[in-house]
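Here is a friendly note to read alongside the model.

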Amino acid sequence: MIIIGEKINGTIPAIKEAIENRDAKLIAERAVKQEQAGADFIDVCAGTAPELEIAALKWLMEVVQDTTEVPLCIDSPNPRVIEAVFKYANKPGLINSISEEGDKCEVLLPLMEANSWEVIGLTCDNKGIPCEVQKKVDIAKIMVDKAAKFGITPDRLHIDPCVMALSTNNDSLLNFTREISEIRALYPTIHITSGLSNISFGLPARSLMNKTFMALAIQAGMDSAVMDPTNQDMMGTIFAAYALLGKDKYCRAYSKAFRQGKIGTSEK
């Protein structure tokens, strides 16, 4: 599982305050904890006023890169902001994100030509997130075709089928698994990603729903996730799911994660 650490985001009150006060110590601590927990990328999202976002995101990138060796996931809803700060990344990482909304593909895909950067692609367009499975698959195909024009192969794309809240769509997980299956049938090497919290929106005991969703999504073929790597229960679900699905020979990764204290520390 490719883990994209989500804990440095300006929509989180403590991070918002740290950005405003330029509290590098707090940001660095969040980055280190995610690195130690096993993050493959660390998402940095300023989530602040548009006129302040470029400076704030540049600062976040500098702090995280001075603290850890983990590649960045540069995150903004505004492609022009990502374009402006892209040059400050000291190694290839992940762009979050493109979609068929506006000119995101046209602005961001050229940045990935002739390098090894990867990108998250959301299956939405100017009309929003479609409910129909085929429409989401069609959007994924458009993004893959556009990426190919810049020499970007499917294995550098993390397609997010934008899972809907189960509280408003009873077939949310079933549709999500169909989307994974159909996209993977077209592009076997593509990555499938997701944020975890959408599925449980509006429901009680959200962490239980999120963990169960993670296990079922892994079984369906999801291999990337935007999540909190310091959440031991969720990380334990990932390692257990891989072992149960025969993807962890003799449960070696599961056992190693336990010995390292990454999972199961509350178990007797």
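This is a predicted model: local features need pLDDT of at least 70, side-chain atom pairs count only at pLDDT 80 or more; totals for chains, interfaces and linings use all residues.

1. Helix α1 covers residues 13–21 and helix α2 covers residues 24–37; the two pack with an angle of about 135° between them and with their axes 8 Å apart. That angle makes α1 oblique to α2. On the α1 side, the residues in contact are Ala14, Ile15 and Ala18, and they meet Leu26, Ile27 and Arg30 of α2. Sorted by class, this contact has five nonpolar residues, no polar ones and one charged one.

2. Helix α2 has another partner to look at, helix α3 (residues 50–67). Here the axes come within 9 Å and cross at roughly 55°, and α2 and α3 are therefore oblique to each other. Their crossing is right-handed. From α2 come Ala24, Ile27, Ala28, Ala31 and Val32, which meet Trp59, Leu60, Val63, Val64 and Thr67 in α3. This contact counts nine nonpolar residues and one polar residue, with no charged ones.

3. As in the previous pair, the crossing is right-handed, with α6 passing α7. Val133, Gln134, Lys136, Val137, Ala140 and Lys141 are the α6 residues here, and they meet Asn175, Arg178, Glu179, Glu182, Ile183 and Leu186 in α7.

4. Now for the open space. The largest pocket holds about 860 Å³. Its lining is made of 33 residues, and Glu6, Gly195, Leu196, Ser197 and Val226 are the closest to its centre. Strands β1 (2–9), β2 (41–45), β4 (94–100), β5 (118–125) and β8 (224–227) each supply at least two lining residues, as do helices α8 (206–220) and α9 (232–244). By class, the lining divides into 12 nonpolar, 12 polar and nine charged residues.

5. Around it sit Cys131, Lys136, Val163, Met164, Asn169, Ser172, Asn175, Phe176 and Glu179. Which helix gives the most to this lining? It is α7, with four residues. The lining has four nonpolar, three polar and two charged residues. There is a link back to point 3, as Lys136, Asn175 and Glu179 line the cavity and also belong to the contact of α6 with α7.

6. The peptide bond from Asn96 to Ser97 is cis, with omega near 20°. Ser97 lies in strand β4, and β4 is among the elements that supply at least two residues to the lining of the largest pocket.

7. The other spot is Cys162, where phi is near 55°, a positive value in a residue other than glycine. You will find Cys162 in the loop between β6 (157–160) and α7.

Conventions
Residues are numbered from 1 along each chain as its sequence is written. Side-chain values use heavy atoms; hydrogens and water are left out. A crossing is left-handed if the near helix is turned anticlockwise from the far one by less than a right angle, and right-handed if clockwise. Contact means heavy atoms within 4.5 Å. Axes are lines fitted to C-alpha atoms, for helices over the stretch in contact, and angles run from 0 to 180 degrees between N-to-C directions. Angles under 35 degrees count as roughly parallel, over 145 as roughly antiparallel, 65 to 115 as roughly perpendicular and the rest as oblique. Ala, Val, Leu, Ile, Met, Phe, Trp, Tyr, Cys and Pro count as nonpolar, Asp, Glu, Lys and Arg as charged, and the others, Gly among them, as polar. On a 1 Å grid over the protein atoms alone, a cavity is a set of points where a 1.4 Å probe fits but cannot get out, and a pocket is an open set with protein on both sides within 12 Å along at least five of seven lines; lining residues have an atom within 4 Å of a point. Grid points are joined across faces, edges and corners, and a volume is the space filled by probe spheres set on the points.
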